[in-house]
Every structure is written in structure tokens, then in C-alpha cells.
Amino acid sequence: MSDAVEQARAAAEAAQQAADKARRLADEAVQRAEELAAALAGQEARLAPDAEPASAVPAAPEPTAAVADGAATATATAPEPAAPGPEAAHAAGTVPPGSGGAGPLGPDAIAAIRTGYTVEGQALELGALVNGDARPDVQVRIPLGMLNRHGLVAGATGTGKTRTLQVLAEQIAANGVPVFAADIKGDLSGLAVAGQGNEKLLARTGGIGQEWQGVASQAELFSLGGQGTGVPIRATVSGFGPLLLSKVLGLNDTQESSLGLVFHYAEQAGLPLVDLTDLRSVLTFLVGDQGKGELAELGGLSKQTAGVILRELITFADKGADQFFGEPEIDTQVFLRTAADGRGIVSLLEVPGVQDQPEVFSTFLMWLLADLFNELPEVGDQDKPKLVFFFDEAHLLFSGASKDFTDQIVRTVRLIRSKGVGIFFVTQTPKDVPNDVLAQLGSRIQHQLRAHTPDDAKALRATVSTYPSSDYDLGEALTSLATGEAIVTVMNEKGAPTPVAWTRLRAPQGSMDPMPAADMASRVQASPLLATYGPRVDPDSAHEMLARRMESAAAEAAAVDAQKEYERTQREFEQAERAAASRRSGRSGRSTRTTASRKADDPLSDLLGSGLGGTIAREVVQGIFSTLRRRR
């Protein structure tokens with residue numbers, strides 16, 4: 001059934017594209033026919049027998065019928081006409097150099113784009129319309145107030161996504177709005193350094209109407225757990241939560257639910273989970289002899305599942321991920337700061353040390369968003385957002401995500417807008433983002449897509465189907481975009497989608513090269529945040545508490561065992577005493593009779609039986625076993 005639906009959808013998309021192309025060809029044919037009719041009318045006027053040379057006509061006559069019908073030419077008797085406007089010149093095929101060559105858009109479509117991207121308030125300048133060539137007279141913008149309706153920056157590797165992210169971040173910060181972005185490749189740090197112009201750069205920016213100059217933005221550098229140059233960002237395990245941790249560990253739904261029970265137990269037992277050692281200690285306790293009773297009370301948690309989670313935690317920690325957890329936990333309010341001059345501060349998360357752990361990186365970004373969502377108050381729609389958050393490599397976040405995890409992301413994206421936070425997901429294709437999330441994204445900046453494989457072609461068709469109707473053949477346009485160009489549609493100031501516009505994007509004003517390592521280190525050392533978040537703190541938490549509890553329990557158990565051993569020994573001693581007493585009683589009866597008989601006929605027995613004889617006997621025996629006390 002799904003294959004049939006997909007085939008039907010593909011057929012419908014193909015039919016829609018064919019209809020759009022046919023409509024465009026028909027419009028072009030009508031335009032050419034009008035131009036040809038105008039040219040023929042002018043030629044007939046010049047060849048008429050009563051026509052006079054243009055030089056003999058002192059004044060301009062009334063326009064011919066061809067001009068009255070909207071033709072782009074005048075009769076041969078007219079004086080030199082004024083230069084045509086951009087749309088008229090484009091329609092007549094006489095566009096001045098640098099203002100647009102032959103393209104798919106007619107004058108009406110160009111006028112609609114110009115109107116659609118006209119903004120009365122503050123706006124981000126994205127670039128100029130492309131219709132064959134760039135049209136600097138038609139600028140494409142995003143209203144600043146619409147940034148909290150979220151957005152998407154997509155495109156294949158090497159098509160200019162990072163530079164687009166830099167252009168957006170620079171302008172957002174210049175408008176007084178803080179920015180958070182992850183510096184995946186390390187080259188976004190250059191926005192804190194003024195760019196250097198060159199002939200090629202200035203030629204490009206001049207061609208799209210950008211008055212370029214190098215400008216450095218205010219930036220703060222962060223790193224995950226101190227793996228890198230920036231101020232460390234850490235989270236406590238309790239603050240991170242079981243859903244996000246399950247995503248990082250790659251747990252299935254059952255294991256994710258069981259981990260939630262472990263977190264619940266730790267909270268109820270007053271065991272703070274600060275780092276991974278704390279969580280491992282709780283799991284070890286629950287699967288051990290001392291905690292098996294408490295494990296049995298957690299009905300949904302089996303010893304086998306707890307063991308699986310424990311093994312995953314050990315593997316995770318062995319990769320160095322335990323450095324990301326601990327105290328002091330970052331206060332996400334630090335990302336909302338502005339500089340003394342009113343510009344927003346760009347917070348850059350350096351992640352070169354976790355490139356081999358993409359799930360950790362993407363999930364930590366989601367934790368930062370979730371923490372912002374929990375901490376920020378409701379503010380509704382404002383003239384500009386409190387923060388714009390760029391979520392780079394977004395496909396890593398959704399890959400293999402459970403339903404509960406995805407639902408939480410959708411909920412966060414939907415509701416965080418009312419708290420003044422705008423989110424831009426940065427990824428390769430829109431299909432990397434779930435439909436429920438994609439539906440929340442008001443701005444779309446789509447760089448070139450490639451269709452080299454059947455999967456690529458399918459992704460291209462899916463992308464085309466998500467755009468409003470336009471005069472472009474989007475399937476062809478999306479595969480024809482040059483580096484630094486994108487297909488754009490955003491929300492205007494009234495919240496309606498703007499026309500689709502092929503846009504040549506502006507160049508960043510900061511450096512497109514990474515900040516030198518020495519400059520990064522000195523900037524971090526000068527940060528006011530380093531004293532608070534730099535040194536790691538090891539508080540009294542679950543690991544220490546359970547260690548004391550287990551030591552106390554072990555001491556109590558040892559005392560109980562010692563008491564039992566003492567009681568057993570005492571019983572054995574008493575039994576031996578009774579047995580010895582019984583034997584002594586029996587021997588005493590027999591010896592009395594024997595002694596009496598011997599006394600009658602043995603003088604020695606009389607002697608030994610006397611007091612003197614007993615003393616001599618004791619002295620002899622004690623001397624044999626060497627137990628006599630030495631006399632001085």
C-alpha cells in the first residue's frame with residue numbers, strides 16, 4: 001500500500017511539474033509573440049509610402065496602436081525614448097550588465113518577489129534575486145520578528161551552508177539578539193575577526209548590491225566538558241535526564257523505560273546523580289546483594305536490563321564521555337547576554353574533540369534547548385527574539401531516536417517560540433528532519449541538492465513538494481544552484497509565506513578562516529565565565545553516599561557474623577564443659593575405689609595421697625610442659 005501511495009504521489013508531483021513547465025512555456029510564447037508583433041508593426045510603419053524620415057519630424061507624434069497595446073517599441077517617428085526600467089528591459093531582452101540576464105521569471109513574478117520581501121521593520125539581508133544573473137534591485141530579506149518561527153538551512157556538503165550560517169549569525173547579533181551556534185569545523189570562530197576584502201569578494205558583493213566591509217562580532221567560546229579551548233559546558237546526569245541519556249547510549253524503548261525507573265529511584269532515595277560514576281554506582285547497588293530487595297520493588301526493572309544499561313555506561317565512559325557530565329552545571333542564561341555596545345554575543349560551541357561522538361554532541365545541544373525551555377518565562381511574540389539557536393548537523397539528533405524522544409523535540413520546537421527563542425536546523429536535506437518538526441519551520445534556505453542516486457532523486461522530489469508553487473522548475477533549479485546560492489522562502493511580517501526566490505547570498509563580514517589558536521586561548525582566559533565554570537567540582541553525591549552506606553552495611557554484617565560466631569563458639573564451649581564434667585564425674589568414682597584399695601597395701605600411695613604428695617605431683621607435671629613461671 002505504501003509503495004502505491006508513494007508512486008501516486010510521485011506521479012502527482014511529476015504532473016504538477018509538467019503543468020508548471022507548460023504554463024511557463026506558454027507565458028514565454030505569448031511574450032515572444034507580443035514582441036514579434038510589435039517589431040512587425042514598427043517595420044510596417046517605417047516602410048509605409050507616406051512615412052517621413054525621423055530627422056524631418058519636428059515633434060513626436062501620437063503613439064502607434066502597437067505601443068497602445070503594450071508593445072515595448074515606439075514608431076520610427078518617435079524621439080529617443082527614455083531608458084527602460086529593470087522589468088521592462090528584462091522583458092525586452094535588453095537587461096543592462098549586472099542587473100539580470102534571461103531567466104525563468106517574468107516581470108509580474110519579479111514584482112511579486114520584490115513586494116514579498118519588502119520589510120518595514122528590522123530585517124536580515126539575505127541577498128539578491130537571481131533571474132539568469134543577479135538582480136541587485138530585488139533584495140531578499142527575513143523580518144527580524146519572524147526568526148522565532150524557526151527555520152531550516154539545508155544543502156549538500158560544500159554548497160555554502162556554513163557561510164550562510166555565519167551571515168545570519170552576524171546580522172542577528174548586530175541587531176542586538178544573542179546567538180548560539182556549534183562550530184563543527186572550527187571555522188565559524190572567524191566571525192570574531194574582521195574579514196579582509198579582495199578583488200573577487202568585492203566584485204561578488206558589488207554585483208548583489210552589498211556594501212561590504214570587514215566587521216568583527218562579539219563572541220564567547222565554549223567547549224563540551226573542557227575538550228577544546230573554550231569555557232567548559234557540563235551537565236549533571238540528573239539534569240540531563242533519562243530520555244536524552246538513553247539517546248546517547250543507544251538504548252531501546254524497554255531499556256529507556258528502565259533507565260527512567262533508575263532515575264526515579266535515585267530521586268526518591270535522595271541520591272544526587274551528578275556524573276556517570278554516580279549512575280553506575282546506583283546501578284551496581286541495585287544489581288548487587290545489598291540492593292536486590294530495592295530492585296525487586298522497581299517492578300519494571302529487571303536485573304538483566306539493569307546489567308545491560310550498566311555495561312553501556314561503562315563503554316560510554318571509556319570513550320571519555322564522562323567528562324561532559326559533572327558540576328558546575330552551565331546556566332543557559334549565559335547565552336542570552338549582550339555586549340556593552342548593545343550587540344548580541346555569539347556563543348560558539350567548539351566541538352572538535354567530540355567529532356567521533358556525534359550523538360553526544362547533538363543530544364547535548366538538545367539538552368541546552370530543553371533547559372532554556374524549562375527556565376525561560378513566556379513572553380509571546382516580540383519585535384525580536386531573545387535568542388536564536390542554530391542546531392547544526394540536525395540529522396544526528398533524529399537518527400535512531402525513539403518516539404518519546406522525537407515527541408519531546410516536537411513539543412520543544414512548537415512551544416519554545418512563545419519564550420522568545422528561534423531555532424534554525426542546519427542539515428543536508430529536509431528529509432533529515434521529521435515532518436512534525438519541519439512543519440514548524442517558517443524560513444527555508446535551501447542550497448544545492450544533488451541527485452546522483454535514486455535515493456537522492458527521491459529526496460529531491462520530496463523537497464520540491466514542500467515548496468509553494470512558483471514559476472521555477474524547482475527540480476532543475478535545486479540541482480543548478482551555484483555555491484553561495486539558495487532557494488529561499490520565509491514568513492513575511494504578517495506571517496504569510498513569501499514567494500520562492502532564487503537568491504545569491506551575501507558574504508560574511510567576519511573572517512571566513514578560523515580564529516588563530518593563540519587568539520582563541522587568550523580570549524578564553526579573559527572570559528569572565530572561566531572562573532565559575534572552568535574548574536570541575538566533585539560534590540558529595542550518589543557514589544559517595546552509597547559507598548558510605550555499603551561500608552556501614554558491611555560493618556553491620558561483619559558485626560552480625562561475629563556475634564553469630566561468638567554464640568556458636570559459646571555453645572560449643574558449654575557443650576564441651578558439660579561433656580568434660582560428665583567424664584570427670586565418672587572417673588572420680590572409679591579412682592576413689594582404686595585408691596582405697598591401693599592405700600591398704602602401698603605406702604607410696606599414702607604419701608601421694610597426702611597434701612605433700614599432691615604438691616610434689618603438680619610440680620613435676622608443670623615442669624614437663626614448661627609452664628612454670630620462672631623465679632628470679
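**Ground rules.** I number residues from 1 along each chain as its sequence is written, and I leave hydrogens and water out, using heavy atoms for side-chain values. Because the model is predicted, local features need pLDDT of at least 70 and side-chain atom pairs count only at pLDDT 80 or more, while totals for chains, interfaces and linings use all residues.

**Overview.** I looked up the secondary structure and found 23 helices and twelve strands. Both are DSSP runs numbered from the N terminus: helices are H or I with at least four residues, strands E with at least two. Of the 632 residues, 42% are buried (under 20% relative accessible area; exposed is over 50%, partly exposed in between, with a 1.4 Å probe and protein chains only). I also checked contacts (heavy atoms within 4.5 Å). Among those with a separation of 6 or more, 75% come from residues 24 or more positions apart.

**The sheet.** I traced an open sheet of twelve strands with mixed pairing, in the order β2-β1-β12-β11-β10-β3-β9-β8-β4-β7-β5-β6. Strands count as paired if DSSP finds at least two bridges between them. At the edges I found β2 (133–143) and β6 (231–233), each pairing on one side only. The twist from one strand to the next averages 30° (axes are lines fitted to C-alpha atoms, for helices over the stretch in contact; angles run from 0 to 180 degrees between N-to-C directions). Helix α4 (residues 107–116) packs on the sheet and touches β1 (123–131), β2 and β12 (501–505), its direction making about 35° with that of β2. Helix α19 (residues 517–525) also packs on the sheet, touching β5 (219–224), β6 and β7, at about 95° to the direction of β5.

I followed β4 (residues 179–183) to β7 (residues 346–350), a parallel pair joined by five bridges. Here Asp183 stands opposite Glu350. β4 is also parallel to β8, through three bridges, with Ala181 partnered by Phe390. β8 pairs in the parallel sense with β9 (residues 421–427) over six bridges, and Phe390 stands opposite Phe424.

Which residues of β8 are buried on each side? I listed Leu387, Phe389 and Phe391 on one side, and Val388, Phe390 and Asp392 on the other.

**Core.** The largest nonpolar core has 138 residues, and Leu168, Leu279, Phe389, Phe390, Phe391 and Phe425 touch the most other members. Such a core is a set of buried Ala, Val, Leu, Ile, Met, Phe, Trp, Tyr and Cys residues joined through side-chain atoms within 4.5 Å. I looked up the contacts of Phe391 beyond four places in sequence; among them are Leu365, Met366, Leu369, Ile423 and Phe425.

**Helices α9 and α12.** I found α9 (residues 253–268) packed on α12 (residues 303–318) at about 90°, with axes 10 Å apart. The two are therefore roughly perpendicular (65 to 115 degrees; under 35 is roughly parallel, over 145 roughly antiparallel, the rest oblique). Gln255, Ser258 and Leu259 in α9 meet Thr305, Val308 and Ile309 in α12.

**Helix α8.** Six of the eight residues of α8 (residues 242–249) are buried, so the helix is largely enclosed by the rest of the structure. I noted Lys247 as one of the buried residues. After α8 comes Gly250, with a positive phi near 75°.
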